[in-house]
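Biologist: Could you take one part of this model and go through it closely for me? I'd like to know how the side chains there sit, with the cut-offs spelled out.

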Amino acid sequence: MRPGLYLLFFLFVSISRPAYAQSVATDSLLTKLNAVLADKDVYVKQKTNHIDELGKQLSQANDLDKKYNIYQQLYNEYKNFSYDSAYNYAKKLQETAAKLNDPNRMAFAKMELGFTLISSGMFKETLETLNSISLQYLSTDDKVEYYFLKARSYFDLSDFDRNVDYSAMYNPKGIQFIDSALSLASPGTYNYYALRGLQALRKADNTGAVKDYTALLKLKNLTPNQFAISACSLSYIYEVLGEQDKSTQLLIQAAIADLQSATKETVAIYKLADFLYKKGDLNSAFVYIKQAMDDATFYGARHRQVAISSILPIIEAQRISTVEQQRKSLIIYASIITVLVLFVVMFAFIIFRQLKKLRIADNLIKEANVSLQESNVALEALNRNLSTANKIKNEYIGYYFNINSIYIDKLESFQKSLDKKLSSKRYEDAQAAIKSLNLENERHQLFHTFDKVFLSLFPDFIEKFEALFNKDDKIAIADGQLLSTEHRIFALIRMGIHDNDRIAKLLGYSVNTIYSYKNRIKNKSFIANDEFEDHIMAIEAV
């Protein structure tokens, strides 16, 4: 059987496939198919390079026999690749055979032309060409090819017309020619299994067809084209039997084989696209149907283009509709997300403002705490000052009550003594008694008592007072005294008496004298004059 025989089996995969559940193996095969599809130009380039090499050999051929052989090779390269080129070289085969006056080659060249015509969908012209061939000039293998082409022509007409009346007429004729081919084929060969499988398929003997095609696929050294045709045919049978996973996997493998062999006259990838469309995988279906249309257009198969054109717009429209629906969904989702983002921004703004207010409130609280702490410190200082003042007040109240009591007793005794002397008219004694009064001594006694009480309240006053001066500028205290006049002036200031006039009256000096003492003391200190009294007031009582 010639390689062209195997293309017949693609024609039996025209029934639409039901939806199927993709297995892991199917997914893996689809991944491989996509990878092969991405490298399709590499496989086409390999084929065109081989064709170019044959073209160079043709230009160097100098006799008809060599040219005929090269034409045959070029025809074989183009028969599943490009209709126009295949048709051209089929005609050249006829012309060269005529020049060689070889009836066997002429008959064979007509059969090759018939294969090209049937592949492009020219059924009438195919039958006319085949009917013009004299079988006596064909070998046994060529007769098998001839009967196959006649069977294929009637099967293709039946499938193309899709009319019950015409199918009832064409199918039996096709089966008769298959029977004729089988009678010449050698049992156990590829041709034998392929013809038996085709016969069982057309007779709806699915069990027999599976058996024959399975045996066929187990044969060694199958060409990619032989494998693709056989796998595609078995795929159709498994689909009829409801074994969708097996059917799909075989169909994918057939498409991969077609791509790797740069076969353009094929239906495997078209049928795969049809199945994926019905499955709902529109993106993959669109990619594969586009490839199928590119292959059919490239080859020039009119009937393939017609079949593909019936589904391509539907897939494309559905895909566009799906994309549009997805676009609308995206717009809706984008709108929802935008609204959510706006809400988030709004809430973020509100939270930011609240946080800002909280920070301001926190700062105010901190400032209030600092102020409160400062107030507490001030209150503590005030409390200490009040405590000191109360202590001073209590001490000095007792002190002045005691002093006043002493002086009242002295005045009362002096009054009684003076009254007796005046009553007895002892005027000289009365005058002497008055002269005996020593006011200076009394003043010194008053100062001594003040100093004693003050130092009991401020025992480290002298030490802290002297700390305000350099060592050479310290104030000396006369023997027998507790405080010097300078000390006593600032002791009164520490007691809270700041008025110079009052200090002068208490100490028995003039205001100018008190002023001079104060300035002299302040000038001797290393403390600034306007801060000196603050340091005096900072001396604490016990």
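This is a predicted model: local features need pLDDT of at least 70, side-chain atom pairs count only at pLDDT 80 or more; totals for chains, interfaces and linings use all residues.

Modeller: Let's sort out exposure first: buried means under 20% relative accessible area, exposed means over 50%, and partly exposed is in between (1.4 Å probe, protein chains only). Residues are numbered from 1 along each chain as its sequence is written, and side-chain values use heavy atoms, leaving out hydrogens and water.

Now for the part I'd zoom in on, the aromatic rings. A search of the whole structure turns up 22 aromatic pairs (Phe, Tyr or Trp rings, the six-membered one for Trp, with centres within 6.5 Å; planes under 30 degrees apart are stacked, over 60 edge-to-face, the rest tilted). F461 and F465 count as stacked because their centres are 5.7 Å apart and their planes meet at 25°. Both lie in helix α18 (residues 461-466), four residues apart, about one turn; helices are DSSP runs of H or I, at least four residues, and strands runs of E, at least two, numbered from the N terminus. F461 is buried at 0%, and F465 is buried at 0% too. F465 also pairs edge-to-face with F532, at 6.2 Å centre to centre and 85° between planes. F532 belongs to helix α22 (residues 529-537), so this pair ties together parts 67 residues apart in sequence. F532 is buried as well, at 0%. Ring pairs link F450, F454, F458, F461, F465, F469, F490 and F532 into a cluster.
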